[in-house]
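Visitor: Please take one part of this model and go through it closely. I would like the surroundings described as well.

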Amino acid sequence: MQVIEASQKELLNDFLSFPRTLYKNDPNWVPFSVVEIKDILDPNKNRFFTHGCCKLWILTDSSKVIGRIAAFINYEKLNSSHPVGGIGFFECINDATSAHLLFDTARDWLMQKQMKAMDGPINFGENYNYWGLLVEGFKFPSLGMNYNFPYYQQLFESYGFVKLYDQYTNLLDATVPMPARFIKIAERVMNNANYQFKHIEKKHFKRFANDLQQIYNDAWSDFENFTPIEIETIIASFRQMKPLIDEKIIWFAYHNEEPIAFIVCLPDVNQVLRKLHGETFNTWNKLKFLWYNKTLTIDRLRILVMGCKKKFQNRGIESALIRCLQLEVLPRKIIKEVELAWVGDFNSKMMALHEATGAQKDKVHRTYRYEFDGSQY
């Protein structure tokens, strides 16, 4: 076996195309957009390279690719006393020796960069996509959510990775009424004249982007290793999502015109992407995608992220936002499920909100940590 840095174009293509071979017989697998992954790994397109670095490798056996891994460092989020790097986009055959060789390679590179540990699998970007190892709920994945074989958990844990936190994805049956108490709380807030609720308008995008930044940086400021989100990151994320955006399923809450909370929701376009069966996203398949997108009914939504300023939490604002979303989509008589993704097990307030909606646990992704000094043992 040989580990090769995927720096040249041909090797990068091997890195990007390997999952198609690995999962070709798995009916649940849906390919990530190759273009989107390439952009994440491109220093000219991913602004995280302005404060970080990334390295890619493939693992071959007799010239056949059998694994891949990426390692990242985000210097903005480093704890100076205990700097932690990351790994992601890991894929491997069911062989511990192969997987451990990939982990060793990433570990050695991160140690050379003075890191003390590595977290994974994570993304070299924001955490609402490509984050965590699927350990429960091995079924059709929604847009941007990691899917992997069940044996991956053993590959990680046999190497010495230990759980850092779990990320819960809960599923809301849109055909079933929400609990009466939830609706009562939500409508009480919606009927309060001091609060205003507005869906996004693309023509006023910059205003909403600034509102989101203000809310996000307040709502998440108490979490460990928090780094304020920059307006450029928000703009880049929305530019990427632009083809999927439905203005009436992204909502903001205001208190006397002060932005205080938001909910970002997207149609689960994976229902279309799975029709391409992992084929390369070339011009022909772009045309097929557009055809399927027009002719297929997408009956599932994914709530990508929610946030509420700290001083307005526990007032029912988030419930009101979900109710606004519900009142918009129910009359369409199309949407059957809404995925509430993902909430960390450390976020008790959001976990309670999910429970209050009547949503049920659907998937669990796990973020692991491996300490280089062996202290996890």
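Guide: In this predicted model, His51 has a relative accessible area of 10%, under the 20% cut-off, and is therefore buried. His51 lies in the loop that runs between α2 (34–40) and β2 (52–61). Beyond its neighbours within four places in sequence, His51 is in contact with Ile73, Asn74, Tyr75 and Glu76. Arg68 is 17 residues from His51 in sequence, and the C-alpha atoms of the two are 24 Å apart in space.

Asp166 belongs to strand β7 (residues 162–173). Setting aside residues up to four places away in sequence, Asp166 touches Val343, Gly344, Asp345, Val364, His365 and Arg366. With Arg366 there is a polar contact, side chain to side chain, at 2.6 Å.

On the α5 side the contact is made by Phe182, Ile183, Ala186, Glu187, Val189 and Met190. These residues meet Ile317, Ser319, Ala320, Ile322, Arg323, Cys324 and Leu327 of α10. By class, this contact of α5 with α10 comprises 10 nonpolar residues, one polar residue and two charged residues.

Notes:
Residues numbered from 1 in each chain as written. Predicted model: local features only at pLDDT ≥ 70, side-chain atom pairs only at ≥ 80, totals over all residues. Heavy atoms only, no water. Contact = heavy atoms within 4.5 Å. Helix = DSSP H or I, 4+ residues; strand = E, 2+ residues; numbered from the N terminus. Nonpolar A, V, L, I, M, F, W, Y, C, P; charged D, E, K, R; others polar. Buried < 20%, exposed > 50% of the residue type's maximum accessible area, 1.4 Å probe, protein only. Polar contact = N/O pair within 3.5 Å; in protein donor to acceptor, adjacent residues only side chain to side chain.
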